[in-house]
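Student: Could you walk me through this model before I set anything up with it?

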Amino acid sequence: MPPLNGAPSWFKEARETPCPVHAAGRGRHHARGYVDRSLDNITSFTKRLIAMDNGTGGRGALQSIEPSARLFGLLAIALAAAITAHSIVLGLIILATAMLALGSRVGLVELVKRTAPSAVFAFIMMTPAFLGFIFPGEETLPMGPSAYKTALTSSQAAYGAPSVFFFVSRVVAVVSLAALLSLTTTPGALFNGLKRLKVPPLFVATLFMTFRYLFILLTIAEDAALAGKSRTIGRADTASSRRWFASRAALILKKAMNTADEVGMAMASRGFTGTFKTFTGPPLVGRDYLWIGFSLFVFFISLGF
Amino acid sequence: MHIPDGYLSPKTCGLFFAAMLPVWYAASRWTMRSPGFKGFPLLALGAAFSFIIMMFNVPIPGGSSGHMTGTVVLGIVLGPWAALIAGSITLALQALLFGDGGILAFGANSFNMALIMSFSGFYIYKALSFGTPGRVRGIVAPAVAGYVAINLCAFATALELGAQPIIAVDPQGVPLYAPYSLAITVPAMMIPHLLFFGPIEALGTALVLSYVRKQEITRHENAAYGGISTLMVGLLVLILLTPIGLIASGTPWGEWSVAEFSGLTGFVPAGMARLGEMWPGLAPDYGQAGQASVLVKAGYYVLSAIAGSAIIVFAIYLWGRLCRR
Amino acid sequence: MDLVYRLDKVSYSYGASKALDEVSFSVSRGGSLAILGSNGSGKSTLLKIMNGLIFPSAGTIEFAGATLDESGLTGGLLRCFRERVGFVFSEPDVQLFCPTVFDELAFGPLQLELSEKEVKERVHELLDMLGISALSERPPYTLSTGEKKKVAIASVLSTNPDVLLMDEPTNGLDPRTQVWLFELLRELKTLEKTCVMATHDLSLAEDLADRAIVLDETHGKAADGAISDVLRDRDMLLKANIIHEHSHRHGHVVHSHTHSPFASHDEHLPFLKER
C-alpha cells in the first residue's frame, strides 16, 4: 500500500513556482538575532577547543619541560610579575616571556593576540588615572625610567602616566604567562602536571572531565541552536526567544545530568571506588631542575625589588 | 565580574586562597558523600553546563541581551556545595586551559563567583519557596535568588578591588594594583549589575528553573545537604567576609601593610633588608653591607636569591629521589 | 555446566515507571546470550543490574553463587566482580573520560591495583592486538565514532574480564567497524568468554549468540531459548515489537526494515558477503 495514502491534501500539494530570487535580501538589514549570536559563541568556542589540541603539541623549549615543572615555573614567574614593584624587573619578565614564546615556537604574534584584549581593557580602565585624578600631588615617581617623565612633562598626565604604564605592563606580563601556559600545554599534560603538584585528585579529575564533556554538551548546544535557527522564519519576538532559550538550557541541563549518571556507572563498572589511581609520571631531569631554578630565581628577585 | 590577574595584590590573592582551601575541602567532603560516586561526574557535567550556558544569549525586554552565569541554577539544582565546586572548576579551566586570566586571582574569583553566588542563591531560593510554592512564587523565588546572588557577587568584587589602593601602595602612596577607591569601584560594579546583569541572571534563572521543574530534574539529595543548617552556613560566610570588612574599614590593614608587607612580599628595595635576615647564613656580613652602596646591597641580594633557588631545587631533587624509592 | 548468572524474578522501577517485571533466567559459563527487545523494553536496565551498577527493587541476582546487592557487593567481592565482568556501554562517549587512549586502557587495571609496569605492558599488547596502536596518544574526544567504540571495548578488555556485557554493541557503527566487532566477538567466543549482549540487531544475535531472551513491551520476559527457535517465532517477535510486518528473511537472518522509502539492503551487505 502507498505509504502516504492517509496524508491530508495540503501535504500532497507541490509548489510549482521557485522561490523568488529578487526577494532575497530585500528589506531592512536587521540585527542578528539571539540565536545567531548564541551560535556564533558556540562555534568560536568549539574552534578554540579543537585548536587547543592541535596547536600545542609541537616541540619547543617549554614543551620539553615536564608538565608539573612547567606549570610550577610559569606560576612562580607570574607571581613574581604580580609582586615586583620595579619596572625593570617587570620589563625583564616580559622580555623573558617573549623569549620563551619564541623558543617554544609559539610566535610573538600569537602571544600578542592572546594578550592584547586584556592590555587594552586595562589601559581603558586606567584612562582616568592617566589624567591625574587618581594620583594627584607631586611628581614622585619611584619606578620606571625617567623617559616617561620627559615624554609627558609639565602636564598633569605626568603624575599618572608611569603608574598607568606600570599597571598595564603588569597585566601584560601575567596574562602573557598564562597564555604561554595554555599555548604550550595540551589538556592532558596540564592535568598530569596538576596531579603531580599535589592538587587533590577530585579536582584534577573533575577538571579533566569537565573539559571532556564540554564537547558533548557543545554538540547538543550547537544542534539546539541550529534547530532554532532553521525553524525561525523572520525575526522571533522576545517572548518566544526567551522560551526558546529556557527550553534549550533545561534540555542541556537534563542531558548533562543523564550523562553524569551514565559516566558514574561507567567508572564504577571499571573498578573506580572513589580514589583515582594513575601512573606516576617520568622522573624530572636536568633541564626541569634548571627551569625550576630559573623561575625561583625570578621569584626571589621580585621579592626584593 | 571575573577579576583578571594584576588587579589584586598578591597578599589579597593569597588571603582568598587561604580562605577557600577549607571551603573546597568541606565541599569535596559533602559532595563525595552522595552514594555511588555519582556526585563526581555530576560536578564535571555541572561545570560544563555553566560553560555552555554562558554562550547562550538571554533576551531581555527592550531588545537587548546578555549572558547569565548559571551558578544559581546549579546551586538550586545540585545543591550549594556541588555548585561551589562546579563553579570553581569552571573558573580553573578558564584560567589554566583557556588562558583567560585569573590564575593568581583564582581564589578571589572562586570566593565571589562560586561560594557567594551558589550559597546565597540556594538559601534565598529555599527561604522564598518554603511550603509548596504556587505559580507566582515558583517564578519569583529563583528570580530573586538570581538577582540578589549576582549583586552580592558584584559587591564582593567591588570591595576587593576598592580595597587595593588602601592595602597595596608604594612608599610614596602610589597604588600598585587596582588604583580606584571604594567610592569608585562600588558604583562602577553595582550600577551595571543592579540594572543590567542582575535582571538577566534573574530572568535566566527563573526561566531555566521553570523548565527544570516541568521536567523534574532537580537532583540534590536533601538528606545530604539538610545536615548543615542555614545558620551554620550564614556564620561561615560571615567569618569569611570579616577580612573583607577589615580591608574595607582600612586602618588596621593599611598600617600593617606598610610595615609588614615589605618583608614577605616587599615592593620596595628595602625588602632586601628583610630577605637578608631570612638567609642570615648566606649573607653573613649583611651588617656592613647595610652601610655599603645600593649596588653592593643589590648584588648581595641577587646572590642570596640564586643560593635560595639552588637550595629549593636541591630539595625538590632529593624529595623526588626519595619518593621513587 | 556451572552458572555465571542466575536471576530470579528480578524487577526494577524508576520511580513510578516500571523498567523490568519479574525477569528470571540464567547464564552458563562460556555461553553467549542475546537480550532482544525494542527501545525502552528494559534491556539496558537489565545489563546494569547484571553489572551491579543498580540493584533490583525486587527479586535476586547471583553472580557465580554470590548475591549481588547493595550490602553484599563490597570489598573483596566487589574488586573480584569488577575484574571479572566488563561492561561496554552503548554510548562510547560516557565510557571515555581519560586524557588519552593509553590512559583510558590503563584506567581499569590501575584501579584494580596492578603494578604500573604490568599495566603498561598490558595496554601495549592490547593496543597491538586490536590494531589501534596509532591512536595511543590521541585524546578520546578527537576520535571518530567507530574509533571510540574500539577504544571503549579495549578499555573494558584491559582487565581481562571473563564476562562481557554489551549494550547495543553495533549501534551507530559503520559497516567496516561492524565487521571488526563481529570478528573480535567471534574470537572472544573461542576463548570461552561469557558474552551477554542487549540488542535489536537480529543479525548480530543470529550470528553470535547461542541463546536469546526477549523482553516485550510490558518489560517482562516473552521468550527464552536457543537463538534459532526464538528467531523463528515470528508472532512472538511481532508482539514484542522487534520486527514488524515488513520484515523478511535473507537465509537465516530476519531483517526488520522501516517503512522509510530510503531503506535498502545495502546496509547489510558487508556481512552478507562475510558468510
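Tutor: We can go chain by chain and then look at some local details.

Student: What should I know about the model and the numbering?

Tutor: This is a predicted model, in which local features need pLDDT of at least 70 and side-chain atom pairs count only at pLDDT 80 or more, whereas totals for chains, interfaces and linings use all residues. Residues are numbered from 1 along each chain as its sequence is written, and chains are lettered from A and ligands numbered from 1 in the order in which they are written.

Student: OK, how many helices and strands does chain A have?

Tutor: Chain A has eleven helices and zero strands, where helices (H or I, at least four residues) and strands (E, at least two) are DSSP runs, numbered from the N terminus.

Student: And what percentage of chain A counts as buried?

Tutor: Of its 305 residues, 47% count as buried; a residue is buried if 20 or more other C-beta atoms lie within 10 Å of its own, exposed if 12 or fewer, and partly exposed in between, with C-beta atoms placed from the backbone. As for contacts (two residues whose C-beta atoms, placed from the backbone, lie within 7 Å), 83% of those in chain A between residues at least 6 apart in sequence join residues at least 24 apart.

Student: Which residues of α3(A) and α8(A) meet?

Tutor: From α3(A) there are Pro67(A), Ser68(A), Arg70(A) and Leu71(A), and these meet Ala189(A), Leu190(A), Asn192(A), Gly193(A), Leu194(A) and Arg196(A) of α8(A). The residues of that contact divide into five nonpolar, three polar and two charged, with Ala, Val, Leu, Ile, Met, Phe, Trp, Tyr, Cys and Pro counted as nonpolar, Asp, Glu, Lys and Arg as charged, and the others, Gly among them, as polar.

Student: Is α8(A) largely enclosed or exposed?

Tutor: Ten of the ten residues of α8(A) are buried, so α8(A) is largely enclosed by the rest of the structure. Just after α8(A), Lys198(A) takes a positive phi of about 70°.

Student: Switching to the core, which residues have the most contacts inside the largest nonpolar one?

Tutor: That core has 253 residues, and those with the most contacts inside it are Ala78(A), Leu217(A) and Ala48(B); a nonpolar core is a set of buried Ala, Val, Leu, Ile, Met, Phe, Trp, Tyr and Cys residues joined through C-beta atoms within 7 Å. Not counting residues up to four places away in sequence, Ala48(B) touches Thr210(A), Tyr213(A), Leu214(A), Leu217(A) and Ala256(A).

Student: How many residues does the contact between chain C and chain A take from each?

Tutor: It takes 24 residues from chain C and 25 residues from chain A. On the side of chain C that touches chain A, α4(C) gives the most, with five residues, and that side divides into twelve nonpolar, seven polar and five charged residues.

Student: What is the strand order in the open sheet of chain C?

Tutor: The order is β2-β1-β4-β5, with antiparallel pairing among the four strands; two strands pair if DSSP finds at least two bridges between them. The edge strands are β2 (17-28) and β5 (66-67) of chain C, each of which pairs on one side only. Eight bridges join β1 (residues 3-14) of chain C to β2(C), and Arg6(C) has Ser26(C) in β2(C) as its bridge partner.

Student: What about phi of Lys9(C)?

Tutor: Phi of Lys9(C) is near 45°, a positive value in a residue other than glycine. Lys9(C) lies in strand β1 of chain C and is partly exposed, with 13 other C-beta atoms within 10 Å.
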